Amino acid sequence: MSAIDRTVDLASRAAHMAGLRDLGFPEYVAQEAVSAHESGLFSMQPPADLLRRTIDQCEDVLAAPAVAARPEALAAWHDISEVLAAYYMAVTDLDGALESLKMGHWPSHASRSFGYLAGECLAAAGFAKETGQRPMMLVDNHNLIDPDWWLSDSWFSEVSDQFAAVNHAARTVLAPPSAVVMVLRPSLDDYDHRALQALAKLLDETSSDVWIMSEGQAGAYGKQDVFVFGDERAMMLAERCSTPSAAFRSFREMSASPVREIRAGIEALTKQATDSCASRGTFSKCHDDVRGLLGSVIDGGQAMRLMQSDSLAVT
Amino acid sequence: MRLIQTIMGSSGPMYLDQVRFEELPRLYKLTPKAAYHEFTRRLQPLVLQAAQACSPRVGTGPSQTDPCGLTIRTFKEFVPTFDVGLDALVLRRFAAVIRRVMDKAAFDAISRRYYMQLPIYHIPDPYERAFLALAYQSFVGQPDMVPRLSEQFGISADRVIDQLKSSNASLERSRQKCFSPDELHRLTEGLIKP
């Protein structure tokens, strides 16, 4: 390197360091970060599926969840980790949790702490027990939410796991699982390899009843993404967002009367789709078959459904 | 409490992505996949950088030197000891695994930004916490850090600059308030200064 090049290099480094210090980063952090840049450590960005591949590879060595304890044993909840722990215990022992709620054994501050997603899912499971209806409903609109987010984003991934937990709880009380209406993009070309891979995995692992339809077939829900918990709480998204966190910030909350109308609307949509569903036989849920399935719906104009009671059969 | 607010943690209870690092091993006992998914999500960008800094080893196959493969292997090797020992030392335990699977040079390339994760998750304000965590995990040192944070959070570049300054100030306060000098030294191998 010539003396001039080295001078320019040093000046560039100094400017980079000064910039980071101005933003409040400590000197030793700025030094390490600039060295990382100069060494080319940012040249490889994490592939979109790296997180999912890592967890998949870890699955066989991850521990089994602890055996559920009675919720009333958790008398003193000091922080959010205890509340989350109690939630996971409760969902694996739904009858016990609901009994504790009725008998007032739930710590008083828990009802405030449970005003978040996990609590809504638990309440939805309770709704399924009392009414025999589906605990939750989801309009999963691929025009607003990337299929890959369900696997790569912690929030979406956690919601997906909670659907599984709530569906498990619904099965124990002989209620049907949650309903998912997948609204597809206008063209098969709008799905890249990553999205198709994600869909293959989601359809392979889902514990919900799934209806797959085009935007036109979805009627009013063709332009929306909707979560419904029981018959009293829902959230709705009507705009495309570039990131999962932006999507969560954009969801609009609804309650009571509109929620029941939304729930009835989704139920009517699934019934209508069921009446006109194509019969396809067994679906292997591999990547190519996902492509074929989407193509049938988009180009063939007929909805598809995957019912948990039918196991792997598509009717 | 509003559903959306509580999901986002902007007021009231936090969600998994805002739980402190030392709380993840305890959650792991009850919900292993969710807790380990969150642990991996936070640290994977830094571990991938370490994998790229790892010296090529003589006599090993491609799978040993491919950065993604090394990253996956590092996280997989850590699983059995994730919740073994003191919860507060979870980052030190993982640092030892990074050094073992890769090498010392690999960990040295990320060590300060890595250990700074500990006090970051003690910042009281959830938005500042999430903002700075992402900056440290993925973007600090990259020339386009500001535009990328602007895109991620949907705010202007000027707002990103202001947010970085105020969040770093909050980090400094929480570091001093939440950790004694001895404790910080012990938990971060002395790499984060009080």
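This is a predicted model: local features need pLDDT of at least 70, side-chain atom pairs count only at pLDDT 80 or more; totals for chains, interfaces and linings use all residues.
Among the contacts in chain A with a separation of 6 or more, 74% are accounted for by residues 24 or more positions apart.

Aromatic side chains were examined next. A pair of aromatic rings is described by the distance of the centres and the angle of the planes. Over all chains, the count comes to 26 aromatic pairs. One of these is formed by A:W149 and A:F156, whose rings lie 5.7 Å apart, centre to centre, with 55 degrees between the planes, an arrangement that is classed as tilted; both A:W149 and A:F156 are buried. In chain B, the ring centres of B:F107 and B:Y115 are 6.0 Å apart and the planes stand at 80 degrees. Because planes over 60 degrees apart count as edge-to-face, the pair of B:F107 and B:Y115 is assigned to that class. Both B:F107 and B:Y115 are buried.

The residues B:F107 and B:Y115 also belong to one aromatic cluster in chain B, whose members include B:F21, B:Y28, B:Y36, B:F39 and B:Y121.

Cysteines were considered separately. A disulfide is a covalent bond between the sulfur atoms of two cysteines. Over all chains, the count of disulfides comes to zero. Of the cysteines in the model, A:C58 has a relative accessible area of 0% and is therefore buried, and B:C54, with a relative accessible area of 12%, is likewise buried, since the limit for this class is under 20%.

Finally, the backbone of chain B contains a residue other than glycine with a positive phi, namely B:E189, for which the angle is near 55 degrees. The place of B:E189 is in the segment that comes after α13 (181-187) of chain B. With a relative accessible area of 27%, B:E189 is partly exposed, because this value lies between the limits of 20% for buried and 50% for exposed residues.

Note on methods. Residues are numbered from 1 along each chain as its sequence is written. Chains are lettered from A and ligands numbered from 1 in the order in which they are written. Side-chain values use heavy atoms; hydrogens and water are left out. Contact means heavy atoms within 4.5 Å. Helices (H or I, at least four residues) and strands (E, at least two) are DSSP runs, numbered from the N terminus. Buried means under 20% relative accessible area, exposed over 50%, partly exposed in between (1.4 Å probe, protein chains only). Rings of Phe, Tyr and Trp (its six-membered ring) pair if their centres lie within 6.5 Å; planes under 30 degrees apart count as stacked, over 60 as edge-to-face and the rest as tilted. A disulfide is a pair of cysteine sulfur atoms within 2.5 Å.
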